[in-house]
Structures are given as structure tokens and as C-alpha cells.
Amino acid sequence: MRLPLTALVAAIVAFAVPAQAAEPADSPLANPDKIYDSVTLEGVVEILREMGAQQVEIKEAGGQKSILMVDGGVPYNVATGLCDKRPGKCLVLGILVMVENGSGGYPLDALNVINKNNMFVTLFKEDSAKFGVSRLQLVDGGVTKRNLVINIASFVATFREAMQQLSTQTIAGYQYGSGRYQRASFGQTQIRPVVATPREMQEFVGQMGSQYRTTLRRPR
């Protein structure tokens, strides 16, 4: 079964409202103002299922865990990080889609064009044949369930939009042997979202989450 993407988009509209406003009668989440100052995989799975996720599970390998959520054939990988700064708490939630794009791949400048125009996804080059589409959310100090929903839903809803932007842009300034410019295409077989392993997810949140270490709130 597919994750109902339309429900996630609707969740953005339903929850991206001022906190003092009345909640919609058909609110898809219970207790949207609940505060999270730590995240667990089990807790995130519960939220994803409340949002309507059908294909979602916790994967474990080599003693490490991550969440795999599939929507329309796209594997969304989720992991927690910064679990060593507060006893018993994990302070970062990371979402990642790894994309194989064939030999050579997209140049970094092409990915950065997408980064400039999207606030909910960040693209980075993994190697010559793979890039990542990601988002990190810091929960140190506490965020609401509403906020978590907005971030998760926005990432899922904007992933394909970002890929479409990448596929339709002409990569000016990058000439190939034919002397012509290459136009990327999301519909071509060389672009393929792939599952990230739990170890890859832990490396991802570890490396990307390190940027927050100097900005964490001091415990009271």
C-alpha cells in the first residue's frame, strides 16, 4: 500500500496555523501541541502512522537502527542523532533519500541551484554516482508534534518537486564530448532512489548533526 501523499500535504495546511487558532475538527493527529525535547524511532513511527503511513518499519543491522518509509517507490530513511549530549535523549531527527544517478552524476553546482530554492530539502553529493536529499530537525529545547508533522510532511511533499526542478534545469556551463549541454531527466532509468542502511543513516545524522553541537541549549 502507498503512503497517501495527499494526506501529508493536507497535514501541512492543517497544522501550519498559529498555535492559538482552533484545531480542525478532523485533525489527523492527537495532541498536536505535545512537546518533544527528544526523539525516538518508535515515537516517530507512531507519528508517521498517525499521518497515514502504511509502509513504515524500523530496520536493524549491525546493532544500529533506522526507519524505512516507502511512498510511491521512494524510500524515505529516518534516523535520530546527537544522542550523546543529554542522558537518555536524542536531539536531532534526520530524513534522507539517497539517489543513484548513473556514472558521473550531477555536478555539485546543479544540486546547489535546488538548494537555493528549497527550504525543506538539502541536496548534497555523496560520490560520482550518488547524491542525497536530506533534512535535519533539532528538537533541543522542545518542539511540538505539530512542528514535527510540518517538517516531515514538507520533506515528503517537496522531494519530488525538487527532483522535477533538477530534471528540467539545463546545466549551463557543463559541456560534454558532443559540445552540447546535457538536460537532466528524473524519468530516465539512471536516477533511482535507493534504501540507505542503518549504518549509513547513523553516519549521515552524525556528520550533518555535528553542526548543531555548538548551538545546543545549556541544560538547566
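Modeller: Let us begin with a definition: a disulfide is a pair of cysteine sulfur atoms within 2.5 Å. Please bear in mind throughout that this is a predicted model.

Biologist: Which residues form a disulfide, and what is its handedness?

Modeller: The cut-off is a sulfur separation within 2.5 Å, and the count by this rule comes to 1 disulfide. The sulfur atoms of Cys 83 and Cys 90 are 2.0 Å apart, and these two residues form the disulfide. The torsion about the S-S bond of Cys 83 and Cys 90 is about 110°, so the disulfide is right-handed.

Biologist: Is Cys 90 buried or exposed?

Modeller: A residue is buried under 20% relative accessible area and partly exposed between that value and 50%. Cys 83, at 37%, is partly exposed. Cys 90 has a relative accessible area of 15% and is therefore buried.

Biologist: What is the phi of Leu 82?

Modeller: Most residues other than glycine have a negative phi. Leu 82 lies in the loop between strand 4 (74-81) and strand 5, and its relative accessible area of 7% makes this residue buried. Phi of Leu 82 is positive, near 50°.

Biologist: Where does Asn 31 lie?

Modeller: Asn 31 is a residue other than glycine with a positive phi, near 50°. With 48% relative accessibility, Asn 31 counts as partly exposed. Its place is the loop between helix 1 (5-15) and strand 1 (35-36).

Biologist: How far apart are the end C-alpha atoms of helix 4?

Modeller: Helix 4 covers residues 145-168, which is 24 residues. At 1.5 Å a residue, helix 4 should span 34 Å. The value in the model agrees with this, since the end C-alpha atoms are 35 Å apart.

Biologist: On which residue is the kink in helix 4 centred?

Modeller: Helix 4 is largely enclosed by the rest of the structure, because 17 of its 24 residues are buried. The kink in helix 4 is about 35° and is centred on Thr 158.

Biologist: What separates the C-alpha atoms of Arg 160 and Val 74?

Modeller: Arg 160 belongs to helix 4 and is partly exposed, with a relative accessible area of 31%. Along the chain, Arg 160 and Val 74 are 86 residues apart. Their C-alpha atoms are separated by 9.4 Å.

Biologist: Which element supplies the largest share of the lining of the largest pocket?

Modeller: The largest pocket has a volume of about 270 Å³, and of its 14 lining residues, Met 98, Glu 126, Glu 200, Glu 203 and Phe 204 lie nearest its centre. By class, the lining has 8 nonpolar, 1 polar and 5 charged residues. Strand 5 (92-100), strand 6 (122-127) and helix 5 (198-209) each give at least two residues to this lining. The largest share, 5 residues, comes from helix 5.

How values were computed. Residues numbered from 1 in each chain as written. Predicted model: local features only at pLDDT ≥ 70, side-chain atom pairs only at ≥ 80, totals over all residues. Heavy atoms only, no water. Helix = DSSP H or I, 4+ residues; strand = E, 2+ residues; numbered from the N terminus. Expected span 1.5 Å × (residues − 1). Bend = angle between axes of the 7 residues up to and from the residue. Buried < 20%, exposed > 50% of the residue type's maximum accessible area, 1.4 Å probe, protein only. 1 Å grid on protein atoms, 1.4 Å probe; cavity = no way out; pocket = protein on both sides within 12 Å on 5 of 7 lines; lining within 4 Å. Points joined across faces, edges and corners; volume = space filled by probe spheres on them. Nonpolar A, V, L, I, M, F, W, Y, C, P; charged D, E, K, R; others polar.
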